[in-house]
Every structure is written in structure tokens, then in C-alpha cells.
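Here are some notes for a colleague who would like to read this structure alongside its sequence. Please keep both in view while going through the points.

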Amino acid sequence: MEPQRYRRALHVNGQDVLLNLHSTGTPQQPRLVLEVNGPQVGAATLEAAGATIQRAFNLDSDPAPYLDHVAGEPVLGPLARRWAAIRPVLLLDPFEALLWAVLGQQINVAFTRKLKGVLVELCGRHLVVDGERWPLFPTAEQVAALDPAQLLARQFSRAKARYVLDLSAAVASGELDLQAIGALPHSEAIAELTRQRGIGRWTAEYLLMRVYGDRDAMPAGDVSLHKIIGEAVVGRRVTEAELRELAKPWAPWRGWAAFTFWMENQLANPRAFAPSLTPE
DNA sequence: ATCCAGGCTCCTG
DNA sequence: CAGGAGCATGGA
């Protein structure tokens, strides 16, 4: 196994820290080491960072029930086994994930990264560790304070600028409580999220899957899933309604099923979209 | 140029 | 309630 390292700045337990995750040990006995750097990192922050990483990398989840459930599926079964060692990775920060999802609506991933970079740049939040500057995703308050004209000048569409600013204001005011939504049952969480302008069903399901770890949440409106699952299972692109029907037997693992197809698709087509194996 | 991209809102029938 | 038009923007 190649040595892997993952580093990023994150707001944890009320403070900004730099997470440094790397693997050691052997392929037989792999071992993950997490370092947490920053000014005055206490035990509570260390613990919170550890819990965040453990959760985000799905380290405690057991793929066996998923594999069993789809074992009889002619297409998905073998694919799930192929990707059994790779668990769906969650996103670390709910607010960042929300804006990521909204930014990514109807545009390609490269451009989504660019737009996210604009927010980071305009707000300028960062952490300095050992003289090195690490960008931090802005707070909801910071984004809400931006002028729409700034965003329009930086390739945001009018709708996108509006969604981003309004949603940030809603999070800042507490009207949209991303933490509380994580405790709601699936359908209530979807309803709570889609109440906001700019969050449709795709975005809500995406967040359930990638932030809240709902293993059954599949963004069935996703055009990439229409193509890759449709072609893999019935030999042609399918509609959202067809995908929902086709995915029913995979419940309660539809989120993991989507992940499996995304991984497989990337193997076949390296330039295609796939969920990052490190939280973006 | 043309089509596509990890959709959403709003308006029809 | 389902379906679809219209929308904006950049990338290939």
C-alpha cells in the first residue's frame, strides 16, 4: 500500500485546527495516525477531531450486511464485492457540504471546485501552522455577509448567488439547523431541507448520504446515476422514476449502492466523476 | 458550434 | 401529482 496522507484545516469543537492523517503499519495490519495541530489544542478538541475522522471515513461500519443484501443482484452483487474494501466517505463539515452541493447543481465538478475556491478566497479565512497558511472554509456568517455582486463578478449565476447567500443567512440565523437535521428521520430531514429555496430533492438526498451517513439515501435525480446505473442494469439511460423503481430492492442500502456504481464507473472511465475518497 | 454538467423553481395539464 | 419548460454558467 502506498503511503497516504491527508491534511486539511477544519473547525472542530469550536476551534480551527489542522488535521494530519496518515497511514502506517503493514497491509496486513494497517494503522491510521491522526495528528491535530493548532494553537492550544486541548484534549476535548483532540477527541472531537478523532471522532469526526472516524465517522467521516466510516471506520466503524461493517460492509458485510450490505454485501449479503445485494449478493443475489446480478449486476450490483459482484460490483459491491469488488468495492467491499472501500467505504463511502462522508463530508466533514455540514455547512461546507451544503454549499458544495448547491454550488455543484447542474455544473461539472471542476467548475464547482472553482466556485468553492471563490468563496474561500473572498472570505479569506485561514489557519497558520508553523508558518504555513491553510485555507479554511468560511463560516455561514461570513458568506451571508458577501455582496451578491461579488459573486456575480466571479462566475456565479444569479440563482446560485442567491441560493448561497440565502442559505448561509438561514444557517447563520439558526433558521436552518444542520446539526438538528441529522437527528431527524429520513423523510422529515428531506422535508426540512427542501423547505429552503435552492435545496431540491437531489440536494437533500445528497446531504443525507454524504453528511449524515444515511446508507439508504440515494440522490436518484442525479444525471450521472441515470446513466451509469441505467446502462449497467438495463442497458440504457433511465429516468429518475425508473431509477427509483429499479433501486427498490437495494433498500436499505441504496446510498451504498450508488457509491458502488460511482466507484465502478470511475474505474471504467477515469475522467468521470466519483466521490472523493478523502472528504473534500 | 453543440452538448453536457453530481438541478431548481415555477408553471402547466 | 407528474411532467416539462426555462433558466444560467462554464467546459469539452
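This is a predicted model: local features need pLDDT of at least 70, side-chain atom pairs count only at pLDDT 80 or more; totals for chains, interfaces and linings use all residues.

1. Chain A is divided into domain 1, residues 1-57, and domain 2, residues 94-268, and the C-alpha centres of domain 1 and domain 2 lie 24 Å apart. The contact takes six residues from domain 1 and five residues from domain 2.

2. On the side of domain 1 that touches domain 2, the elements giving two or more residues are β1 (5-12) and β2 (15-25). By class, that side of domain 1 has two nonpolar, three polar and one charged residues.

3. The largest nonpolar core has 71 residues, and those with the most contacts inside it are Leu-98, Leu-99, Val-102, Val-164, Leu-167, Leu-207 and Ala-257. Helix α4 (residues 94-103) supplies the largest share of this core, eight residues, while the core draws at least three residues from each of domain 1 and domain 2.

4. Which residues does Leu-207 touch, not counting residues up to four places away in sequence? They are Ala-97, Leu-98, Ala-101, Leu-193 and Tyr-212.

5. Around DNA strand C lie Gln-106, Ile-107, Asn-108, Ala-110, Phe-111, Lys-114, Leu-152, Gln-155, Ser-157, Arg-158, Ala-159 and Ala-241. The elements that give two or more residues to this surface are α5 (109-123) and α8 (158-173), and α5 gives the most, with three residues.

6. As for composition, the residues of the surface near DNA strand C divide into six nonpolar, four polar and two charged.

Definitions and conventions:
Residues are numbered from 1 along each chain as its sequence is written. Chains are lettered from A and ligands numbered from 1 in the order in which they are written. Domain bounds come from an automatic or database domain assignment. Two residues are in contact if their C-beta atoms, placed from the backbone, lie within 7 Å. Helices (H or I, at least four residues) and strands (E, at least two) are DSSP runs, numbered from the N terminus. Ala, Val, Leu, Ile, Met, Phe, Trp, Tyr, Cys and Pro count as nonpolar, Asp, Glu, Lys and Arg as charged, and the others, Gly among them, as polar. A nonpolar core is a set of buried Ala, Val, Leu, Ile, Met, Phe, Trp, Tyr and Cys residues joined through C-beta atoms within 7 Å. A residue is buried if 20 or more other C-beta atoms lie within 10 Å of its own, exposed if 12 or fewer, and partly exposed in between; C-beta atoms are placed from the backbone. A residue is near a molecule or strand if its C-beta atom, placed from the backbone, lies within 6 Å of it.
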